[in-house]
Amino acid sequence: MKAREEILRRVGSALVAAPDVRSTEPDGDDGIRRDYAHTRELPDRLALFVERVENYRARVIRTDPEGVVAAVAKSLAGARRTVVPSGFNPAWIPNDPGIVRDEPVLGAGDLDTVDAVLTSAVVGIAVTGTIVLDHTEGQGRRALTLVPDLHVCVVTADQIVGDVPEAISRLRSSVNKGRPLTWISGPSATVDIELKRVEGVHGPRTLRVVLVE
Amino acid sequence: MMSKTATFIGMPPFPIAAKKALADSQLRGNIRNATHTIRTKRARVCAELDDFEQLRQAGADIKDDVLRNLGRYLEQVEESLTAAGATVHWARDAAEANQIVVDIARRHRVDEVVKVKSMATQEIELNTALEAAGIAAWETDLAELIVQLGNDLPSHILVPAIHRNRSEVREIFLREMGKVGMPAEADLSDEPAELAGAARRHLREKFLRAKVAVSGANFLVAETGTLVVVESEGNGRMCLTLPEVLISVVGIEKIVPAWTDLEVFLQLLPRSATGERMNPYTSTWTGVAPGDGPQEVHVVLLDNGRTQVLADQVGRQALRCIRCSACINVCPVYERTGGHAYGSVYPGPIGAILTPMLRGVGLDEQTDALPFASSLCGACYEVCPVLINIPEVLVHLREKVVDSHRGGVPGALQAAMTGASWTLAGSRRLAMLQRFAGLSGRMFGRRGLIGRMPAPLSRWTDARDLPAPPRESFRGWWARTDGGRRDAASPSGNTRNIGDKE
């Protein structure tokens, strides 16, 4: 534990030798000004969510609860084998012989032969066009939504929040339970070659979202 | 106490490296295009938020709180990480951090690791240390892959291969991929989408078989022990999810106090970095998640000079940096020289302050030149999402560099300044010198500029073109024309009316 003690000692002596000029804050005040917006007033939260997700060139289908299966089937078009995690709403699964389960757990190599993955989410963010997974029931472990080339994600209207602070607040309980999170804003992308945007590098090259109202 | 921060080996000081870079018009074109594109996007998406200024202030305040209470937060993060099932390591310097990573990899008997792009592991030159231990480190970010395969150096924090164009990338892929894994197809074109596809195929086999991954982290939440990686391509998710063992090397300043604080930084970072409302992928993990991802998670808390920066009352604000590179994209100096001239993994304005503080000033010429690699225009401060006053720190470091050279033999600059004070102290001495300078100006001031001068004056003119002195001094002109009341014809014969026109 020598390094630990040494680093803590260095930190302590750095701050004693040169205290922060602003360190004399009123009692109990951490000196952090948090006067930014904690919620955003949006005229049409869902419409903005759809617009922003589509800005990333991901396709969104809006549907009522009755239309989910058809929307999912349409979104999965072209996929021969689709993995569906346990806990995913059975009423949303199309009657398709290509559905595979992650039980027993698929190896990374097996997963690489699957074309698509179908999951739910936990939060959607309108302003940034983001969906967030906490990888509980219906969302699968992280590798499931990473290795297949097509990700179809079903989100419900009540999951859509305005902006990042509202999402952070909703996700706190997942984090407190130790859940990993994946925030997804469009398909994977790179601008590393001459700043030309290329969709799809290592994650799913196609993202399709079904929004249930 | 000198920390080891990667210097590009054999890199000349900034003014000399910059001169070479300035002559490379291809490089200048690439960099100008890249920085202008990103800065325009950044300005647009930052303007979308009417509370962006408040977010910047909150970001700066949160980071200051971390720095003020760093000892307490470090102990808290150690506790929460351990409770979440992670193993915490402490590294005083680069060598110690590298040894920790090498030891973990050896314990798992691997001869390769996959890597997420990380400034901290570049700073400590982890790849070299792994290589020396017989372990291959595969960079998986597309740009880092281009840099690694091309045996090249990164030139930008965010888009490290921006100095390469598509045909160069194609050549590198065709020539090098086959030597280290799956080769690129022989008919590979230079379309960016095809090149990205080649990288996908080349790296996928590595992701699928790798047992150990190494990452950095953008943030580390003290309260919960949560690590955050912000990325675009999905290579980060691959490394953070598929291997059995994950080692994250994290600078001690990456801490944020609470989960809630991410509501500030996850707005500031993507908008300031790539000019996006949100980057494609953000991963967070809190120790080990049973049945999901790596079941052995290590976190290496890295000092490597950071406590030295913390001890600098003016300079410590640099530790707020969230590595967005907005300062780099607006810097007129970077735009013209590119990243290599800075001779460090941290280029641009932030590099010009961070590198000297991490390494220490007064130790080598290359580092000491960095605080002078700026025009002090202040554009960097204008865009910094955590309000780092880079010009203030630059000036402060210039003082420190000059001070560090005092005490020994006076340097040329000091000798010149002593001479200047003698001259300026007496009006006759000044008049005499100005007459001489005016005469000599006629000899070598043809283009209105003085180029390279012999030593010791070269200390000044190596880095600057000096305007030639005017043919007549103001004092001379005043005496000759009685302050412009008499005929104002200049001594060279040009007639111009000055002053009184009636």
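Author: About 110 Å³ of space lies in the largest cavity. This is a predicted model, in which local features need pLDDT of at least 70 and side-chain atom pairs count only at pLDDT 80 or more, while totals for chains, interfaces and linings use all residues. Residues are numbered from 1 along each chain as its sequence is written, chains are lettered from A and ligands numbered from 1 in the order in which they are written, and side-chain values use heavy atoms, with hydrogens and water left out.

Reader: What makes a space a cavity, and how many of 30 Å³ or more does the structure hold?

Author: On a 1 Å grid over the protein atoms alone, a cavity is a set of points where a 1.4 Å probe fits but cannot get out, and its volume is the space filled by probe spheres set on the points, which are joined across faces, edges and corners. The structure holds three cavities of 30 Å³ or more.

Reader: Which residues line the largest cavity nearest its centre?

Author: Lining residues have an atom within 4 Å of a point. The largest cavity has 18 of them, and B:Cys331, B:Pro349, B:Ser374, B:Ser375 and B:Cys380 lie nearest its centre. By class, this lining has 14 nonpolar, four polar and no charged residues, where Ala, Val, Leu, Ile, Met, Phe, Trp, Tyr, Cys and Pro count as nonpolar, Asp, Glu, Lys and Arg as charged, and the others, Gly among them, as polar.

Reader: What lines the second largest cavity?

Author: The second largest cavity, with about 90 Å³ of space, is lined by residues including B:Cys321, B:Arg323, B:Ser325 and B:Ile390. Its lining has 10 nonpolar, one polar and one charged residues.

Reader: Which peptide bond is cis?

Author: The bond joining A:Glu103 and A:Pro104 is cis, with omega about -5°.

Note on methods
1 Å grid on protein atoms, 1.4 Å probe; cavity = no way out; pocket = protein on both sides within 12 Å on 5 of 7 lines; lining within 4 Å.
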